[in-house]
Amino acid sequence: QASLSDLSLVTNYSTIGQDIKITYTSLREIMSTLTIDCSMQNNKVAVKDLLLLVPELDTIEIIHKNKNRLATFNLIAKGNLNQLNIKQFYFKTLQSSIDTKGQLRFVTNPDKLYFDLTFNRIQTGASDLEAILPDSTLPVSIQLPAELHAKGNYKGTLSDFRSSINMSSSIGSAFIHADMKNIQKEVPSYNIAVQTHSFDLGKLLYQSRIGIVNGAVDIKGSGFKLDNASVNIHTDIKSLVVNAYNYHNIDLNGSIKNGLIDAEGEVADSNLNFTLLAKVNLNKESEFYDLKLNLSGADLHRLKITEKNIMVSANTDLHLTGDPTQNINGHISCRNILVIQDDKRYKEDSLVLVSINEPGKNNVKLNSSMFAASFDGNIDVLSVSDAITNHFNRYFHLTEMTHPFYGKLFYHHLRTINL
């Protein structure tokens with residue numbers, strides 16, 4: 001049996017050592033018999049010193065970007081490579097730090113490597129993360145919070161684990177729990193719960209029209225690809241700011257299975273009330289979109305959609321088939337339409353829009369109790385509203401022109417119905 005005590009390593013940049021004791025039976029069996037008992041305080045390690053020992057690490061993007069970085073750490077641990085008990089591991093670089101404790105098992109076997117860690121405190125922020133992490137790991141559509149504090153735990157392997165994170169930041173707070181299995185296999189399974197409190201979703205997503213969200217999202221299922229995903233989603237949004245209006249009581253339940261989406265939702269806000277049923281098939285050459293929207297009432301002025309005092313209610317059915325980028329067909333119908341402007345009521349029994357698509361040409365028919373219209377040309381049902389507005393603006397200038405529809409010229413037949 002051999003042992004080494006009070007080990008230390010000092011370079012121009014790094015200091016590693018203090019109370020370290022290592023024992024093993026022989027060099028031949030060092031990996032299977034190695035035991036460690038250490039108490040290391042205020043140690044310093046420079047990445048450039050690490051590269052002197054293992055130059056190949058410079059090819060790793062995160063190591064290369066931080067080759068001039070210096071980090072400090074404390075480590076109090078005891079055990080062997082099959083079970084290493086960590087009383088404290090503290091690591092700091094720049095203004096970011098992590099303080100954790102727990103246990104590692106099967107350290108030398110990546111397939112069996114097991115973590116049982118408690119994160120007492122994690123502290124970081126946008127400037128540190130942008131300086132430390134490779135550019136390829138930072139999504140351009142995400143704005144990192146200036147300050148972020150978190151605590152939580154991780155228990156399991158790299159493939160199967162449970163983890164909880166309680167996070168507070170300069171853009172709000174969130175709690176995340178994840179139960180993941182078979183992550184490294186073709187069809188992983190997952191159960192993820194997210195809760196937010198005063199969380200500025202718009203700042204995170206660079207979306208100025210979106211503001212603070214309070215609510216919860218639960219996602220349970222398996223598979224990440226369209227052809228193998230089987231997922232159930234439930235959202236319970238207490239409040240969400242959009243366009244400076246704070247919407248309340250948004251519930252949405254949905255499922256995804258083999259490219260088929262079923263969803264139902266309800267909004268019970270004081271100025272917006274509706275229920276929604278939807279079924280969608282995203283599989284190529286079998287696409288369809290069915291939707292039923294029962295709008296009990298919407299106060300467009302209080303919702304900050306319009307400056308005029310307008311309230312609307314209607315029942316809408318939508319059925320479309322085909323690829324929406326190429327040859328979509330179907331109809332959209334609105335019934336029991338009621339518009340109230342400045343206490344004056346406008347009622348419309350029905351408004352039906354039908355689209356028939358052929359290669360290079362479409363026929364769109366619009367029927368209501370007041371008028372009927374037929375439009376032919378290279379135009380689809382999803383863009384007919386803007387196209388009609390643009391067309392009549394050429395003669396009457398009813399509104400500001402929307403974006404031009406190049407290549408979508410059409411002619412129309414309009415017939416009014418005498419009441």
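**View 1. Aromatic pairs in the predicted model.** The structure holds 5 aromatic pairs. Here, rings of Phe, Tyr and Trp (its six-membered ring) pair if their centres lie within 6.5 Å; planes under 30 degrees apart count as stacked, over 60 as edge-to-face, and the rest as tilted. This is a predicted model, in which local features need pLDDT of at least 70 and side-chain atom pairs count only at pLDDT 80 or more, while totals for chains, interfaces and linings use all residues. Residues are numbered from 1 along each chain as its sequence is written, and side-chain values use heavy atoms, with hydrogens and water left out.

**View 2. The stacked pair of tyrosine 154 and phenylalanine 161****.** These two rings lie 4.8 Å apart, centre to centre, with 20 degrees between their planes. Tyrosine 154 is buried (under 20% relative accessible area; exposed is over 50%, partly exposed in between; 1.4 Å probe, protein chains only), at 17%. Phenylalanine 161 is buried too, at 16%.

**View 3. The edge-to-face pair of tyrosine 245 and tyrosine 247****.** Here the centres are 4.8 Å apart and the planes make 80 degrees. Tyrosine 245 is buried, with a relative accessible area of 9%, and tyrosine 247 is buried at 14%.

**View 4. Lysines over aromatic rings****.** A charge sits over a ring if NZ of Lys or CZ of Arg is within 6 Å of the ring centre and within 35 degrees of the ring normal. The charged end of lysine 48 is 4.5 Å from the ring centre of tyrosine 13. Lysine 112 lies over the face of phenylalanine 106, 4.3 Å from the ring centre.
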